[in-house]
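Hello,

Here is the structure we talked about, ready for you to open in your viewer. Have a look at it first, and then read my notes below.

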Amino acid sequence: MLYIIKEIFELDHGCEGLMPGEKVKVGVVLKDPDGGEHIRSVEDEYLYANDINEGDRVNENMEKIV
């Protein structure tokens with residue numbers, strides 16, 4: 001299934017912050033073809049490394065569709 005990234009936002013890691021070795025994650029709002037919205041937690045580093053941004057199309061594995 002294809003999704004469009006509607007929004008990318010920072011997650012609240014609480015007062016404890018991240019555990020040692022834990023990578024920073026962001027929330028990603030995905031819009032499906034039927035108009036439904038889904039929120040996923042994704043490593044921020046993955047989005048940067050794969051040049052994934054708001055408005056991009058991705059599959060269920062968060063792989064960018066060009």
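**What I found**

Let me begin with a hairpin: β2 and β3 form it with five residues between them, and G35 in the turn has a positive phi of about 95 degrees. Before going on, please keep in mind that this is a predicted model, in which local features need pLDDT of at least 70, side-chain atom pairs count only at pLDDT 80 or more, and totals for chains, interfaces and linings use all residues. Residues are numbered from 1 along each chain as its sequence is written, and side-chain values use heavy atoms, with hydrogens and water left out.

**The overall layout**

The protein has one helix and five strands. Here helices (H or I, at least four residues) and strands (E, at least two) are DSSP runs, numbered from the N terminus. Read from the N terminus on, the elements come as β-β-β-α-β-β. The C-alpha atoms fill a box of roughly 40 × 25 × 15 Å along the principal axes.

Of the 66 residues, 23% count as buried. Buried means under 20% relative accessible area, exposed means over 50%, and partly exposed lies in between (1.4 Å probe, protein chains only). The protein exposes about 4700 Å², and carbon and sulfur atoms supply 50% of that area; the areas come from the Shrake-Rupley method with a 1.4 Å probe, and for residues only the protein chains shown count as cover.

**The sheet**

In what order do the five strands stand in the open sheet? The order is β3-β2-β1-β4-β5, with antiparallel pairing. Two strands pair if DSSP finds at least two bridges between them. β3 and β5 stand at the edges with a single partner strand each, so one side of each is left without a neighbour in the sheet.

Strand β2 (residues 25-31) is joined to strand β3 (residues 37-43) by seven bridges, and the two run antiparallel. As an example to find on screen, V29 has I39 as its bridge partner in β3.

**The core**

Which residues make up the largest nonpolar core? They are Y3, I5, V26, V28, L30, V42, L47, I52, V58 and M62, ten residues in all. β1 (3-10) and β2 each supply at least two residues of this core, and the largest share, three residues, comes from β2. A nonpolar core is a set of buried Ala, Val, Leu, Ile, Met, Phe, Trp, Tyr and Cys residues joined through side-chain atoms within 4.5 Å.

Leaving out residues up to four places away in sequence, V58 touches M1, L2, Y3, I5, L30, I52, E63, K64 and I65. A contact means heavy atoms within 4.5 Å. In the protein, residues 24 or more positions apart account for 41% of the contacts with a separation of 6 or more.

- I4 lies in strand β1 and stands opposite K31 in β2. At 41% relative accessibility, I4 is partly exposed. Not counting residues up to four places away in sequence, I4 touches V29, L30, K31, G55, D56 and R57. I4 and I52 are 48 residues apart in sequence and 11 Å apart in space, C-alpha to C-alpha.
- D51 is found in the loop between α1 (44-49) and β4 (57-58). Its phi is near 50 degrees, a positive value in a residue other than glycine. Is D51 buried or partly exposed? D51 counts as partly exposed, at 47% relative accessibility.
- M62 has its place in the loop between β4 and β5 (64-65). Phi of M62 is near 60 degrees, also a positive value in a residue other than glycine. M62 is buried, with a relative accessible area of 5%.
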